[in-house]
Amino acid sequence: MSTYRIWYCSCNGTPMELDYEKTLETDGEPYCDCCGATPSSDPRQTLSVEEKEDWDD
Ligand SMILES: [Zn+2]
């Protein structure tokens, strides 16, 4: 079992899941296509994270 994180950005009013595959360009950080927020640069504090457990492992 392992845990992984799902990041959301709520810049457009509803939490939107960030696509992790696009984050490789940004040093592995989740990146919002819409507002450009990342966990280390989130001036409007629109990002939130959810920890998920992966039981398939
Ligand atoms: Zn955003």
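In what order do the elements of the chain run from the N terminus on? They run β-β-β. The count is three strands and zero helices. Helices here are DSSP runs of H or I with at least four residues, strands are runs of E with at least two, and both are numbered from the N terminus.

A word on the model before we go on. It is predicted, so local features need a pLDDT of at least 70, side-chain atom pairs count only at pLDDT 80 or more, and totals for chains, interfaces and linings use all residues. Residue numbers start from 1 along each chain, as its sequence is written.

Now confidence. pLDDT is the predictor's confidence in each residue, from 0 to 100. The chain averages 84. At least 70 is reached by 84% of the residues. Confidence is highest in strand 2, residues 16-17, with a mean of 92. It is lowest in strand 1, residues 2-9, at 88.

Three strands form an open sheet in the order 2-1-3, and the pairing is antiparallel. Strand 2 and strand 3 (47-54) are at the edges with a single partner strand each, so one side of each has no neighbour in the sheet. Strands pair if DSSP finds at least two bridges between them. Strand 1 and strand 2 are joined by two bridges. Strand 1 and strand 3 are joined by eight. Tyr-8 stands opposite Glu-17 of strand 2. Cys-9 stands opposite Leu-47 of strand 3.

Look at the hairpin of strand 1 and strand 2. Six residues lie between the strands. Gly-13 takes a positive phi there, near 105°.

What about the inside? A residue is buried with 20 or more other C-beta atoms within 10 Å of its own, exposed with 12 or fewer, and partly exposed in between; the C-beta atoms are placed from the backbone. Of the 57 residues, 14% count as buried. A nonpolar core is a set of buried Ala, Val, Leu, Ile, Met, Phe, Trp, Tyr and Cys residues joined through C-beta atoms within 7 Å. Which residues make up the largest one? There are seven: Trp-7, Cys-9, Leu-18, Tyr-31, Cys-32, Ala-37 and Leu-47. In soluble globular proteins, nonpolar side chains tend to be buried together.

Stay with Ala-37. Contact means C-beta atoms, placed from the backbone, within 7 Å. Neighbours within four places in sequence aside, Ala-37 contacts Cys-9, Cys-11, Cys-32, Asp-42, Arg-44, Thr-46 and Leu-47. Across the chain, take the contacts with a separation of 6 or more: 50% join residues 24 or more positions apart.

Two more residues. Glu-50 sits in strand 3. Is Glu-50 buried or exposed? It counts as exposed, because it has 11 C-beta neighbours inside 10 Å. Glu-50 touches Arg-5 and Ile-6, leaving out residues up to four places away in sequence. Its C-alpha atom is 8.0 Å from that of Tyr-8, 42 residues apart along the chain.

Last, Gln-45. Where is it? Gln-45 lies in the loop between strand 2 and strand 3. It is not a glycine, yet its phi is positive, about 55°. Gln-45 is exposed, with 8 other C-beta atoms within 10 Å.

Methods:
Two residues are in contact if their C-beta atoms, placed from the backbone, lie within 7 Å.
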